[in-house]
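The structure is shown below.

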Amino acid sequence: MSEIWSRDWPTREGWYWFYGFEFGKGRDGEKLPRLVPINVQKASNDWIYSAISHFLYKEEGADGLWNPMIIPDLPNRSRLP
């Protein structure tokens, strides 16, 4: 994992770690920050921040830190069954 954490929301497509409060601190029973994988994609005029089962929105109070996810090299296709 990269040692660089940022409060700035990513503006490059890819996978990121989000560590914080997905729905705003103290809302919906969130008492502790969570580590969540987020897929960032460019839409026609905005960015989409997609978790496993929901989306993240600044406007809904999501507050945390971001870190680019380091994806390992994939195995050679010849090794697949």
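## Fold and aromatic cluster

In this predicted model, the chain contains four strands and zero helices. Read from the N terminus, the order of elements is β-β-β-β. The radius of gyration is 15 Å, well over the 12 Å that the globule rule gives for 81 residues, so the chain is more spread out than a compact globule. The C-alpha trace spans about 50 × 30 × 25 Å along its principal axes.

Of the contacts in the chain with a separation of 6 or more, 60% are between residues 24 or more positions apart. Buried residues account for 27% of the 81 residues. The accessible surface is about 6,200 Å², and carbon and sulfur atoms contribute 54% of it. As for charge, there are 10 positive and 11 negative side chains, with the centres of the two sets 4 Å apart.

The aromatic pairs number seven. One of them joins W9 and Y49 in an edge-to-face arrangement, with 4.8 Å centre to centre and 90° between the planes. This pair links distant parts of the chain, as W9 lies in the segment before β1 (14-21) and Y49 in strand β3 (residues 47-50), 40 residues apart. Both partners fall under the 20% cut-off for buried residues, as the table shows.

| Residue | Relative accessible area | State |
|---|---|---|
| W9 | 15% | buried |
| Y49 | 9% | buried |

Which residues form one aromatic cluster? The cluster consists of W9, Y16, F18, Y49 and W66.

Note on methods. Residues are numbered from 1 along each chain as its sequence is written. This is a predicted model: local features need pLDDT of at least 70, side-chain atom pairs count only at pLDDT 80 or more; totals for chains, interfaces and linings use all residues. Side-chain values use heavy atoms; hydrogens and water are left out. Rings of Phe, Tyr and Trp (its six-membered ring) pair if their centres lie within 6.5 Å; planes under 30 degrees apart count as stacked, over 60 as edge-to-face and the rest as tilted. Helices (H or I, at least four residues) and strands (E, at least two) are DSSP runs, numbered from the N terminus. Buried means under 20% relative accessible area, exposed over 50%, partly exposed in between (1.4 Å probe, protein chains only). The radius of gyration is taken over C-alpha atoms; the globule rule is 2.2 Å times the number of residues to the power 0.38. Contact means heavy atoms within 4.5 Å. Accessible areas come from the Shrake-Rupley method with a 1.4 Å probe; for residues, only the protein chains shown count as cover. Lys and Arg count as positive and Asp and Glu as negative; His and the chain ends are not counted. The place of a charge is taken as NZ of Lys, CZ of Arg, CG of Asp or CD of Glu.
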